[in-house]
Protein chains: 2
Amino acid sequence: MRTQIATLGEFGLIDRLTKSIRLTNETSLKGVGDDAAVLDLGTKKTLVTTDLLLEGIHFDLTYVPLKHLGYKAAVVNFSDIYAMNGRPQQITVSIAISKRFSVEDLEAFYDGIKFACETYGVDLVGGDTSSSMTGFAISITCIGIADGDKIVYRDGAKPTDLLCVSGDLGAAYMGLQLLVREKKVFNGKQQGEVQPDFAGREYLLERQLKPEARKDIVALFAANDILPTSMIDISDGLSSETLHLCKQSNVGCRIFEDRIPIDYQTAAMAETFNMNVTTAALNGGEDYELLFTVPLQMHEKVSLLNGIHIIGHITKPTFGCNLVTRDSQELKLRAQGWNII
Amino acid sequence: MRTQIATLGEFGLIDRLTKSIRLTNETSLKGVGDDAAVLDLGTKKTLVTTDLLLEGIHFDLTYVPLKHLGYKAAVVNFSDIYAMNGRPQQITVSIAISKRFSVEDLEAFYDGIKFACETYGVDLVGGDTSSSMTGFAISITCIGIADGDKIVYRDGAKPTDLLCVSGDLGAAYMGLQLLVREKKVFNGKQQGEVQPDFAGREYLLERQLKPEARKDIVALFAANDILPTSMIDISDGLSSETLHLCKQSNVGCRIFEDRIPIDYQTAAMAETFNMNVTTAALNGGEDYELLFTVPLQMHEKVSLLNGIHIIGHITKPTFGCNLVTRDSQELKLRAQGWNII
């Protein structure tokens with residue numbers, strides 16, 4: 001089934017994409033369909049984060065199905081709210097599309113968004129659709145709430161604090177490498193001749209195509225009465241995010257290479273590809289794990305928590321931000337932001 | 001001066017563009033520089049609106065200077081908040097840029113954004129920057145506040161209500177026609193040979209290049225104790241917006257052609273171009289005036305307000321949405337949304 005968008009027009013398309021949207025949060029008073037959404041955020045503090053994603057820069061539709069793209073685009077915004085120790089409540093979704101896309105394509109994308117919203121208890125409350133001459137553009141804004149005294153910023157890390165990370169790192173990057181390799185193999189053969197070789201690497205693909213935000217870690221903090229001194233989510237890689245935390249907190253740090261959590265599949269894939277797995281963790285990005293600091297006194301409490309790893313500690317700013325390698329060398333961490341190609 | 005973006009990189013660029021940003025609203029607790037902005041919206045209701053603008057679809061940089069583009073991109077979002085009878089408080093600005101743009105270009109764009117924020121008392125609290133392969137993409141989200149019982153939706157119009165509009169219509173569209181014509185003249189000649197002929201048409205250009213949102217009308221409502229029954233801002237043209245109001249309110253309407261407010265310059269320009277000025281008002285768009293309804297009993301009160309025109313009235317839904325022409329014919333209003341080209 002492939003319905004041309006032209007058969008529905010703008011308003012028909014919006015009706016079709018939004019007709020199944022239901023508001024479930026008490027804080028969502030009015031959703032899609034007016035000049036603005038209306039929220040009742042009461043006496044909590046409001047958190048706002050936003051992302052702009054372009055085809056060819058942030059995603060490649062030859063690797064990622066549209067439903068997964070929708071899921072991921074929503075989840076990465078939820079991740080920013082969790083990184084403030086908050087709870088995501090609403091999102092707005094704006095898209096621009098060229099005529100290469102059908103109504104069913106956009107429904108698949110919205111299905112992914114809606115599934116993410118259901119999974120995380122978030123309401124889709126508005127957006128904007130328009131045409132594009134050059135592929136798919138997505139802009140998502142997420143609104144969250146938090147108690148004012150529970151918000152965790154990037155600038156609160158103090159010397160001697162422990163540097164911790166949730167989950168494991170580098171898997172999403174290795175998943176991307178796997179997809180790139182399989183595409184190359186596929187392109188060299190006739191269709192049907194090869195089956196992609198993903199067996200035993202499902203975790204890597206899932207981390208790349210269907211990442212999750214760490215709602216559970218924020219709940220774990222609340223249940224264990226832990227308030228991190230600083231926190232950020234890992235979208236660009238451990239290296240960049242650590243530098244952000246340290247710069248804004250005006251501190252240095254030491255990360256121990258042998259403490260960086262790496263999944264077995266990530267390590268095995270890196271070996272197959274002859275890549276350094278620490279580099280994948282430091283610079284790969286898209287892990288959406290939480291990187292945070294807690295006071296040294298919390299060492300025992302944090303050590304006992306499942307899924308949390310202490311990977312280093314905070315120092316005075318004069319020491320800089322360093323990685324202590326397995327052979328005890330100290331290397332300076334380097335930032336990785338995008339640059340114009 | 002033309003500094004390559006590559007000389008600053010992502011984080012240098014963000015520092016440069018955001019270093020002069022100051023927060024002025026009490027509701028803005030934390031702006032640019034963390035995973036999310038933090039707002040304290042107290043016991044008011046929160047309004048959220050968002051827009052995605054792409055070069056070549058929503059704007060053409062051969063007509064519009066980047067500073068004006070920034071101003072307009074911000075103001076059109078403020079307009080959506082005023083259209084709910086609210087007050088804009090914060091915006092987030094995300095951009096994606098190709099290497100065609102210099103640091104100075106982006107500073108000009110941000111200067112426009114900041115000037116709009118100063119003019120309307122709004123804080124810039126966050127955003128996202130990334131690279132693009134195909135020109136300039138802009139996504140803006142605006143957060144506003146309103147008293148819960150003062151929010152005006154699109155769905156409250158009732159039969160016999162008066163249909164009103166602020167300011168005048170069609171000027172922004174005629175301004176665009178003027179720019180298109182001058183570009184054609186310019187392209188046929190050598191540089192320096194011709195001067196654009198904009199004399200006596202400054203108002204049209206200003207309406208196209210530097211539109212304003214009707215903050216003053218919302219203040220006028222408050223000062224005169226007027227609460228419209230429904231409201232929308234005119235971004236796509238009077239015709240589309242009237243149909244939105246009527247559809248959501250489940251009513252019909254009659255608009256009288258001779259009541260549609262048209263500025264002298266708009267009318268003169270339409271005559272020069274041999275265009276129907278009513279068509280420019282109905283379908284031209286980008287006026288960012290407010291279209292609203294009030295109960296019939298407010299006729300005298302509204303008539304006395306400067307800058308407000310009563311252009312028709314609301315009917316039962318069975319009568320449909322009609323324009324009564326100067327020669328007393330009734331024509332059905334038609335929607336104009338975008339469609340895939």
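Analyst: Two strands pair if DSSP finds at least two bridges between them. In this predicted model, strand β7 (residues 162–166) of chain B and strand β11 (residues 308–315) of chain B are antiparallel and joined by five bridges. The requirement is at least two bridges, so β7(B) and β11(B) pair.

User: Which residue in β11(B) is the bridge partner of Val165(B)?

Analyst: The partner of Val165(B) is His309(B).

User: How do you know that strand β9 (residues 252–256) of chain B and β11(B) pair?

Analyst: Four bridges link β9(B) to β11(B) in the antiparallel sense.

User: What makes strand β4 (residues 87–97) of chain B mostly covered?

Analyst: Eleven of the eleven residues of β4(B) are buried. Each of them therefore has 20 or more other C-beta atoms within 10 Å of its own.

User: Why is the unit made by β4(B), helix α3 (residues 103–120) of chain B and β5(B) called right-handed?

Analyst: β4(B), α3(B) and β5(B) make a β-α-β unit that is right-handed. The term applies because, with the strands pointing away from the viewer, the path from β4(B) over α3(B) to β5(B) runs clockwise.

User: How many residues does the contact take from chain A and from chain B?

Analyst: Chain A gives 64 residues to the contact and chain B gives 64 residues. On the side of chain A that touches chain B, strand β3 (residues 45–54) of chain A contributes the most, with nine residues. That side of chain A consists of 29 nonpolar, 23 polar and twelve charged residues.

User: How do you know that strand β2 (residues 37–39) of chain A and strand β3 (residues 45–54) of chain B pair?

Analyst: Three bridges connect β2(A) and β3(B) in the antiparallel sense. At least two are required, so these strands pair. Leu47(B) in β3(B) is the residue opposite Val38(A).

User: Which residues of the largest nonpolar core touch the most other members?

Analyst: The core has 202 residues, and those touching the most other members are Leu47(A), Ala74(A), Leu47(B) and Ala74(B). Leu47(A) touches residues of chain A, including Ile81(A), Met84(A) and Ile143(A). Leu47(A) also touches Ala36(B), Ala37(B) and Val38(B).

User: How is chain A divided, and what do its domains share?

Analyst: Chain A comprises domain 1 (8–149) and domain 2 (162–332). Their C-alpha centres are 26 Å apart. Contact between them involves 15 residues of domain 1 and 17 residues of domain 2. Helix α2 (residues 66–82) of chain A gives the most to the side of domain 1 that touches domain 2, with nine residues. That side of domain 1 has nine nonpolar, four polar and two charged residues.

User: What makes Asp236(A) count as buried or exposed?

Analyst: Asp236(A) has 21 C-beta neighbours inside 10 Å. The cut-off for a buried residue is 20 or more, so Asp236(A) is buried. Asp236(A) sits in the loop between β8 and α7 (238–249) of chain A. Asp287(A) is 51 residues from Asp236(A) in sequence, yet their C-alpha atoms are 8.2 Å apart.

User: Why is Arg334(A) called partly exposed?

Analyst: Arg334(A) has 13 C-beta neighbours inside 10 Å. Arg334(A) belongs to the segment after β13 of chain A.

User: Why is Asp225(A) called exposed?

Analyst: Asp225(A) has 8 other C-beta atoms within 10 Å. The limit for an exposed residue is 12 or fewer, so Asp225(A) qualifies. Asp225(A) lies in the loop between α6 (215–223) and β8 (230–233) of chain A. Although Asp225(A) is not a glycine, its phi is positive, at about 55 degrees.

Definitions and conventions: Residues numbered from 1 in each chain as written. Chains lettered and ligands numbered in written order. Predicted model: local features only at pLDDT ≥ 70, side-chain atom pairs only at ≥ 80, totals over all residues. Contact = placed C-beta atoms within 7 Å. Nonpolar A, V, L, I, M, F, W, Y, C, P; charged D, E, K, R; others polar. Domains from an automatic or database assignment. Core = buried A, V, L, I, M, F, W, Y, C linked by C-beta atoms within 7 Å. Lists of a residue's contacts leave out its neighbours within four places in sequence.
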